[in-house]
Amino acid sequence: MKKTTLLAPREVRKSCLKVYVNVDQRAKIEADADRCGLTVSTYLVALGMGYEPKSRLTETERDLLDNLSHARDDIERFASAMNGMSQSKRKQMFDSVQFMLKWFQALKPLSQALFKFITRIREANKFAGTTKIASQW
């Protein structure tokens with residue numbers, strides 16, 4: 001996994017800050033930085049600037065993304081099948097209360113999962129707006 005630096009190429013860090021930690025603290029910091037896809041340096045700068053980096057997609061979220069992709073394919077196949085039907089057949093199908101109830105019940109979990117996933121994705125790793133680093137994004 002490629003690490004992100006979150007700094008513009010022209011903004012090179014030239015000052016070194018030494019931090020002493022114990023072995024467990026170092027392991028946790030390194031694991032947290034890796035979970036966020038950041039270098040340890042970038043992760044610590046982000047924390048020091050008052051921002052808590054978010055982790056990359058979890059395995060569950062990646063599975064959810066795959067499921068949403070498959071659901072999109074299913075919706076496209078459904079739309080294609082609908083286009084192949086006559087106008088009267090489509091009207092008859094959508095006038096059926098039973099059909100519409102089953103259709104909405106089937107779409108509800110997809111809609112909820114999609115909302116949850118999109119909300120999570122929109123909360124990307126960005127520094128707080130008051131930092132100099134944030135102005136690069």
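**Helix packing and a pocket**

User: At what angle do H3 and H4 pack, and how far apart are their axes?

Analyst: Helix H3 (residues 59–84) and helix H4 (residues 87–95) pack at an angle of about 125°, and their axes are 8 Å apart. That makes H3 oblique to H4; angles under 35 degrees count as roughly parallel, over 145 as roughly antiparallel, 65 to 115 as roughly perpendicular, and the rest as oblique. Axes here are lines fitted to C-alpha atoms, for helices over the stretch in contact, and angles run from 0 to 180 degrees between N-to-C directions.

User: What sort of model is this, and how are residues numbered?

Analyst: It's a predicted model, where local features need pLDDT of at least 70 and side-chain atom pairs count only at pLDDT 80 or more, while totals for chains, interfaces and linings use all residues. Residues are numbered from 1 along each chain as its sequence is written, and side-chain values use heavy atoms, with hydrogens and water left out.

User: Back to that pair. Which residues of H3 and H4 meet?

Analyst: Phe78, Met82 and Asn83 of H3 meet Arg90, Met93 and Phe94 of H4, where contact means heavy atoms within 4.5 Å. By class, the contact of H3 with H4 has four nonpolar, one polar and one charged residues. Ala, Val, Leu, Ile, Met, Phe, Trp, Tyr, Cys and Pro count as nonpolar, Asp, Glu, Lys and Arg as charged, and the others, Gly among them, as polar.

User: How many helices and strands does the protein chain have?

Analyst: Five helices and zero strands. Those are DSSP runs numbered from the N terminus: helices are H or I with at least four residues, strands E with at least two.

User: OK, what about H1 and H2, at what angle do they pack?

Analyst: About 95°, with their axes 9 Å apart. That makes H1 roughly perpendicular to H2. On the H1 side the contact uses Ile29, Glu30, Asp32, Ala33 and Cys36, and on the H2 side Val40, Tyr43 and Leu44. The class count for the contact of H1 with H2 is six nonpolar, no polar and two charged residues.

User: Is Glu30 buried, exposed or partly exposed?

Analyst: Glu30, in helix H1, is partly exposed because its relative accessible area is 35%. Buried means under 20%, exposed over 50%, and partly exposed in between (1.4 Å probe, protein chains only). Glu30 and Tyr43 are 13 residues apart along the chain, and their C-alpha atoms are separated by 8.9 Å.

User: And how much of the chain is buried?

Analyst: Of its 137 residues, 20% count as buried.

User: New topic: how much space is in the largest pocket?

Analyst: About 510 Å³. A pocket is an open set of points on a 1 Å grid over the protein atoms alone, where a 1.4 Å probe fits, with protein on both sides within 12 Å along at least five of seven lines; lining residues have an atom within 4 Å of a point. Points are joined across faces, edges and corners, and the volume is the space filled by probe spheres set on them.

User: Which residues lie nearest the centre of the largest pocket?

Analyst: Leu17, Val19, Ser41, Leu44 and Val45, out of 14 lining residues. Helix H1 (23–36) and helix H2 (40–48) are the elements giving two or more residues to that lining, and H2 gives the most, with four.
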